[in-house]
Amino acid sequence: AAAYTLMFNTGLRTGEVLGLRNSDIDLDNKVLHLQRGVKEVARRDGAEFTSGREVKVGKLKSASSKRDVPLNQAAVDAILDLRAERYFGEDTPLIPDEHGNYTRPVNFRRRYYRILEAAGIEQKGLHSIRHTFATNLVNGIKQPDGTIKSLTPRQVADLLGHSTSEITEMYYVKKDTARLSGITEGFEL
């Protein structure tokens, strides 16, 4: 569960979170340095495909995907939980399989679906975690004094590794119109 908590608090893609090594994490400065991603590809022997799939560690999705991601306390706690559960060293994956290797994305998704099912929550794809992260940051959180703390779409785009804020606004953010209730109070013309 800690791996999914980390995703909810950083907006990382599945391949990004699975590609994290312990050495990419700077807990003193509360930041992740995204360097690589993990994906599953068809197995090959030279030019020939063989049965099965394998984990491939390589470049991130785009140039803007290589970035530093700040960590809030929930993300730091999730990292500490992951390390307490399974730690194979600084140059090993943060979310390793039982042998200390990179976790297969298909296994990571299956665990997520089992957690949702056990909790009685409708099955959604792992990428929906990223959308939830972006939506919550743009729509904001109501503060004790009644104000709403939020980020701009550009700031969220930078956190997500998007090259433009338009991508973030079009595909990731669902506007919360309920928070607009009473917003025009005091603007009578």
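Modeller: Start with Lys30, which sits in the loop between E1 and strand E2 (31–33). Helices (H or I, at least four residues) and strands (E, at least two) are DSSP runs, numbered from the N terminus. This is a predicted model, in which local features need pLDDT of at least 70, side-chain atom pairs count only at pLDDT 80 or more, and totals for chains, interfaces and linings use all residues. Residues are numbered from 1 along each chain as its sequence is written, and side-chain values use heavy atoms, with hydrogens and water left out.

The backbone of Lys30 deserves a look. Its phi is near 55°, a positive value in a residue other than glycine. The classes are buried under 20% relative accessible area, exposed over 50%, and partly exposed in between, with a 1.4 Å probe and protein chains only.

Asn22 is placed between helix H2 (14–19) and strand E1 (25–26). Asn22 has a relative accessible area of 1%, so it is buried. Its side chain comes to 3.1 Å from the backbone oxygen of Gly89. That is a polar contact: a pair of N or O atoms within 3.5 Å, where within protein one must be able to donate a hydrogen and the other to accept it, and residues adjacent in sequence count only if both atoms are side-chain atoms. Leaving out residues up to four places away in sequence, Asn22 touches Arg83, Tyr87, Gly89, Glu90, Thr92, Pro93 and Leu94. Contact here means heavy atoms within 4.5 Å.

Step back into H2. Glu16 belongs to this helix. Glu16 is buried, at 2% relative accessible area. Its side chain is joined to that of Arg67 by a polar contact of 3.0 Å. Beyond four places in sequence, the neighbours of Glu16 are Leu34, Arg36, Leu60, Ser65, Arg67 and Arg130.

The largest nonpolar core holds 29 residues, and Leu6, Val17 and Phe108 touch the most other members. Helix H1 (2–10), H2, H3 and H4 each give two or more residues to this core. A nonpolar core is a set of buried Ala, Val, Leu, Ile, Met, Phe, Trp, Tyr and Cys residues joined through side-chain atoms within 4.5 Å. A second, separate core has eight residues, including Phe133, Val138, Val156 and Leu159.

Apart from neighbours within four places in sequence, Phe108 is in contact with Ala3, Tyr4, Met7, Thr14, Val17, Leu18, Ile95, Thr103 and Leu126.

Next, the helix pair. H1 and H4 pack at about 90°, with axes 10 Å apart. H1 is therefore roughly perpendicular to H4. Axes are lines fitted to C-alpha atoms, for helices over the stretch in contact, and angles run from 0 to 180 degrees between N-to-C directions. Under 35 degrees counts as roughly parallel, over 145 as roughly antiparallel, 65 to 115 as roughly perpendicular, and the rest as oblique. On the H1 side the contact uses Ala3, Tyr4 and Met7, and on the H4 side Phe108, Arg111, Tyr112 and Ile115. Six of the contact residues are nonpolar, none polar and one charged.

Helix H5 (residues 127–139) contains His127. His127 is partly exposed, at 37% relative accessibility. Excluding neighbours within four places in sequence, His127 is in contact with Arg13 and Tyr172. His127 and Tyr172 are 45 residues apart in sequence and 10.0 Å apart in space, C-alpha to C-alpha.

Finally, the whole chain. The protein chain has seven helices and seven strands. Along the sequence they follow the pattern α-α-β-β-β-β-β-α-α-α-β-β-α-α. Its C-alpha atoms fill a box of roughly 75 × 35 × 35 Å along the principal axes. Of its 189 residues, 38% count as buried. Among contacts between residues at least 6 apart in sequence, 55% join residues at least 24 apart.

Terms used:
Nonpolar A, V, L, I, M, F, W, Y, C, P; charged D, E, K, R; others polar.
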